[in-house]
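This report looks at how the parts of a multi-chain model meet.

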Amino acid sequence: MKTFRIGGVHPAENKLSAGKAIETLALPKQAVFPLSQHIGAPATALVKKGDAVKVGTKIAEAGGFVSAAIFSSVSGKVNKVDAIVDASGYRKPAIFIDVEGDEWEESIDRSTTLVKECNLKPEEIVAKIKDAGVVGMGGACFPTHVKLSPPPGCKAECVIINAVECEPYLTADHQLMLEKADEILVGVSILMKAVNVTKGYIGIENNKPDAIKLMTEKAAQYPNIEIVPLKVQYPQGGEKQLIDAVIRRQVPAPPAIPINVGAVVQNVGTAYAVYEAVQKNKPLFERIVTVTGKSVKNPSNFLTRMGTPMSQLIEAAGGLPEDTGKVIGGGPMMGKALLNIEVPICKGSSGVLIMNDKEAARAAENPCIRCAKCVSVCPMGLEPFLLATLSAKKDWERVEKEDVMSCIECGSCQFTCPSHRYLLDYIRLGKGTVGGIIRARNAKK
Amino acid sequence: MDLILIAVISLGAIGLISAVILYAASKKFAVYEDPRIAQVAEVLPQANCGGCGFPGCAGFAGACVKAADSGSLEGLLCPGGGASCMEKIASILGMEAVASEPKIAVVRCNGSCENRPRIAKYDGAQSCAIAHTTSGGETACTFGCLGCGDCVAACKFDAIHMNPETGLPEVDEDKCTACGACVKACPRFIIEIRPKGKNNRRMVVMCVNKDKGAIANKACKVSCIGCGKCVKVCPFEAITLENNLAYIDPAKCKSCRKCEPECPKGAIHAINFPPRKPKAEAPVADAAPKAAPAPKAEAPKAEA
Amino acid sequence: MANKLIVSLSPHVHSGDSIQKNMYGVMIALVPALLVSLFAFGLGALVVTLTSVAACVFFEWAITKFILKREACTICDGSAALTGLLLAFNLPSNLPIWIIIIGALVAIGIGKMTFGGLGCNPFNPALVGRIFLLISFPVQMTSWPTAGQWTSYLDAQTGATPLALMKQAITSGDASVLEQLPSAMSLLIGIPDSCQMGAGCLGEISAAALLLGFVYMLWKKIISWHIPVSILGTVFVFAGLMHLANPVYADPISVLFTGGLMLGAIFMATDYVTSPMTHKGMIIYGVAIGFLTVVIRNFGAYPEGMSFAIFIMNAFTPLINTYCKPKRFGEVVKK
């Protein structure tokens, strides 16, 4: 069984909501759309107070090339454009829409029939994806059209679909594959067409045997798409790790990107969103969100309109448990702990994880015993203990020399540290500071 | 006898050869350094705080000598040593010291545990820089002090300490040299280097919250809500309101104290002023009937 | 909401590994060897082990509390007890209690706490204690009781060890001395009481018991294979070459199973704090230890070279860490 070649850990999977059919969540009373839901420049609002919008109306346009448009997921009136505490814990500008009815834009094809044929040219496909505001649905939210436009001198050789879902607890992608396999495969072939390649891979970890079986059966009609079962290993869902696992190529250190080894990696959720955008004219305004946790009464997968507050999802899954200690947007390895549960669902919200107070508290830090376990699990071949120490000492020059920018912040080092050291806290600080120094240096040049 | 002779000769020879090598090396690799640099460096505090803007005390000494050669010491100040140190440097270099205003670091946040209710619990490394990236902090105020003490760690003069009761750092006025290390360490730019003021008395807005009034009001008892009352009352146009936050320009402020009672939230502090005379207290209560207890409670702290 | 939510950076889950688990894991791995030594030396082994462990834990507690004046109590993490156990394994079973206590004080006090406690020491504390005792009390430290004396402690009969025989063969240049060595099989399982031979330190009797511990630690992922295998491999190859060149040097299999080699390779050299952090570094470290051990055994003044070899390489560990970087992602495959 294939997997990536350096490091890796295997956290307890805890896929509590696996096999739960996707439920459609009721509309919220008010939907909130933060203008910065993706990597890159924030979107600029197109609507103002009092404007009427429909489901699928563009309410904010991309603020640059690396940016994405935002579409309303509800119909109603714009209440205000104001700030809301988003997943980062800070107040960011957002559009508030009061929901009235459920009226869709007419251009959207709401039928469920599978549309296989796509006669568009590659650039038309990319334009359509861009117009639908599609971003990476795995959590990083990198605008998809940017990834589909290789920089000059680079040629894509294959499309790799990330259906790994290596984060414990989360099952959104798994369930999506079980229910929308045909649509995903069409989406993948559209993506392949967009970057003009003839080979597509879908990497699935073998803790989802039902999805592997179903996808393999369906993919028989698509000779160019191969389903690749992978050994369960975190962080296989990392772009670079997945490329290594599937086609045995390693992306060199930054600033190199996957396209430098000829790979375009997209999340399976993105493939579905691409299908809907291109074949059904449906912009990205809803997604599957897993609500889970050991104390949650009814862990579920919800089809959720964006802008719905997380509290509504938690309510639908049986309410916030008494012993809640931490609410995490995303999975337990890379998700963000939230300040409050009114944070709206955004394009990258793959899950809401509720941890009880016992699980949530970190253990006290002990001195480093130099056991080197962090070194052996680091999937990027770095020395986390060293990076953390140097960052704490603010020796940014050496932090940079030790390749801190290669860190993918997967958290394997801190997960495995027997001394419970806050390795990634410090490494992130170092990466952030060094990133700033490098940008300043490049700006000077 | 022979043995002693051999020892003396051989050791003597080794010593002689080494001396020749050392002499040759010291000639060959000699670097000329202006002797005044060492003299200047001697009177500097040698804390290498970097507050002067040069890499360490040696760097500053070099800059002083260079500046003296080009005619003026203007713009050079060792914040650690202060005016007396600059006078000594000037006398070494045969120049006249340029007087500069003494300054001090001011922590512009009064969101103590009592004033600013905690809504979450931060669990992570004891570092403001990291806490700042984690989320908005433990309170609803995303601008205020995080309380992990990065400024305390950055201070080389032992002049800033956390007060465990308030959870806020406090500047020791006698020790602070206004080197600015704490300013750089604070990820939220709460600390500001301000002129010490006449008789050490100064007016400061003790808040950096830029949220709208209602949100700032809810987050903290003593936040600036951007109401603008202080701007109106100031006779010297020293107070400006930007992004829902008032700022007192120390260059224009004449310390008339008119703004202090005007602030409905008690966010404006008059530091090191004598307590107001009893008759002055009536208008305080009148001006801000609801918030009256807050400034009263703050007053003794501000004096301390 | 009743509770305040906790905010922290990811990851929000932990493997559950801890210092205690690792330390107690090593101790469990030492149990087979401890049982064998109890079986061989009886009362003596018991007294030495208990004294050493108790003294190490006591000194750690006393130094933390009264000299460093730290609040946190570190004796529960098991590192002091492990040092005590390893120190005991490096001592002969007839060593007087007062010498053991001095050894424990040096191991914990000088070897570990002077540098700031767990994680900061450049040398393996148990080795510091052992080497200090070996140099300070050479007579007591090199008289080895024979196995099978269950009830004797200070009064135990002593005899020459296989290592001493090997040294004798080299110094006299007479290879026939080596014929008195026990068979490789008995060296592996444990020196039987039938051969009237000094069995060595507590932990040195049975290579098989130590190997059992090695397998346990590998299974529990407490250590990786790199250091022990590279040490043992190097010793085997180098000693084999020496044996082929001149038969006064003992055959490599006997060399592997005698003295503290197994104990050192599996338990002393693999100490987390004092060994290199990367696999490449571990192999360099292991090869150098193996080489130095054979050099000291064959050409040095002492019959045993393991502890000195590890000690020397401990000193090189920071240097190895600086120059041996792990293979970064992306360096492996040049497209």
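There are 0 salt bridges between domain 1 of chain C and domain 2 of chain C. The model is predicted. Polar contacts do occur across this domain interface, with 4 residue pairs found at pLDDT 80 or more for both partners. Helices α1 (19-41), α3 (79-89) and α5 (125-136) of chain C each bring at least two residues to the domain 1 side. α1(C) gives the most, 9 residues. By class, that side holds 18 nonpolar, 6 polar and 1 charged residues.

The domain assignment of chain C puts domain 1 at 19-141 and domain 2 at 161-197 + 206-323. Contact between the two involves 25 residues from domain 1 and 23 residues from domain 2. Their C-alpha centres are 21 Å apart. The two domains bury about 2100 Å² between them, and 77% of this lies on carbon and sulfur atoms.

**Between chains**

The table sets out the two interfaces.

| Interface | Residues in contact | Buried area | Carbon and sulfur share | Salt bridges | Polar-contact pairs |
|---|---|---|---|---|---|
| Chain A and chain C | 67 of chain A, 39 of chain C | about 4300 Å² | 58% | 6 | 24 |
| Chain A and chain B | 14 of chain A, 19 of chain B | about 1300 Å² | 55% | 2 | 10 |

Start with chain A and chain C, which bury about 4300 Å². A:Q250, A:I369 and A:R370 supply 15% of the area that chain A buries there, more than any other three residues. The count of residue pairs in polar contact is 24, both partners at pLDDT 80 or more. Several elements of chain A give two or more residues to this side, including α6 (239-247), β15 (324-329), α11 (384-392) and α14 (423-444). β15(A) gives the most, with 5 residues. By class, the side of chain A that touches chain C has 32 nonpolar, 15 polar and 20 charged residues.

Now chain A and chain B, which bury about 1300 Å². Here A:Y90, A:R91 and A:L339 account for 45% of the area that chain A buries against chain B, more than any other three residues. A:R91 also forms a salt bridge with B:D211, the closest N and O atoms being 3.5 Å apart. The largest share of this side of chain A, 3 residues, comes from α14(A). Its classes are 7 nonpolar, 2 polar and 5 charged residues.

**Around C:S10**

C:S10 sits in the loop between β1 (5-7) and α1 of chain C. Is C:S10 buried or exposed? C:S10 counts as buried, because its relative accessibility is 3% and the cut-off for buried is under 20%. Beyond its sequence neighbours within four places, C:S10 touches residues of chain A, among them A:M334, A:R362, A:Q414 and A:D425. A polar atom of the C:S10 side chain lies 3.4 Å from the backbone oxygen of A:M333. The side chains of C:S10 and A:R428 make a polar contact of 2.6 Å.

A:R428 pairs with A:E409 in a salt bridge, with closest N and O atoms 2.8 Å apart. This pair links distant parts of the chain, since A:R428 is in helix α14 of chain A and A:E409 in the loop between α12 and α13 of chain A, 19 residues apart. A:R428 is buried, at 18% relative accessible area.

**Salt bridges**

The whole structure holds 39 salt bridges over all chains. One of them joins A:K218 and A:D182 at 3.3 Å, N to O. A:K218 lies in helix α5 (residues 209-219) and A:D182 in helix α4 (residues 181-194) of chain A, so the pair ties together parts 36 residues apart in sequence. Both ends are partly exposed: A:K218 at 25% relative accessibility, A:D182 at 23%.

Which chains does the pair of A:E402 and C:K325 join? A:E402 is in the loop between α12 (396-401) and α13 of chain A, and C:K325 is in the segment after α14 (306-323) of chain C, so the pair joins two chains. The salt bridge spans 3.3 Å, N to O. A:E402 is buried, at 9% relative accessibility. C:R328 and A:E383 form another salt bridge, their closest N and O atoms 3.8 Å apart. Shared partners connect A:E383, A:R398, A:E402, A:D403, C:K325 and C:R328 into one network of salt bridges.

Note on methods
Residues are numbered from 1 along each chain as its sequence is written. Chains are lettered from A and ligands numbered from 1 in the order in which they are written. This is a predicted model: local features need pLDDT of at least 70, side-chain atom pairs count only at pLDDT 80 or more; totals for chains, interfaces and linings use all residues. Side-chain values use heavy atoms; hydrogens and water are left out. Domain bounds come from an automatic or database domain assignment. Contact means heavy atoms within 4.5 Å. Buried area is the accessible area (1.4 Å probe) that two parts lose on being put together, summed over both. A salt bridge is a side-chain nitrogen of Lys or Arg within 4 Å of a carboxyl oxygen of Asp or Glu. A polar contact is a pair of N or O atoms within 3.5 Å; within protein, one must be able to donate a hydrogen and the other to accept it, and residues adjacent in sequence count only if both atoms are side-chain atoms. Helices (H or I, at least four residues) and strands (E, at least two) are DSSP runs, numbered from the N terminus. Ala, Val, Leu, Ile, Met, Phe, Trp, Tyr, Cys and Pro count as nonpolar, Asp, Glu, Lys and Arg as charged, and the others, Gly among them, as polar. Buried means under 20% relative accessible area, exposed over 50%, partly exposed in between (1.4 Å probe, protein chains only).
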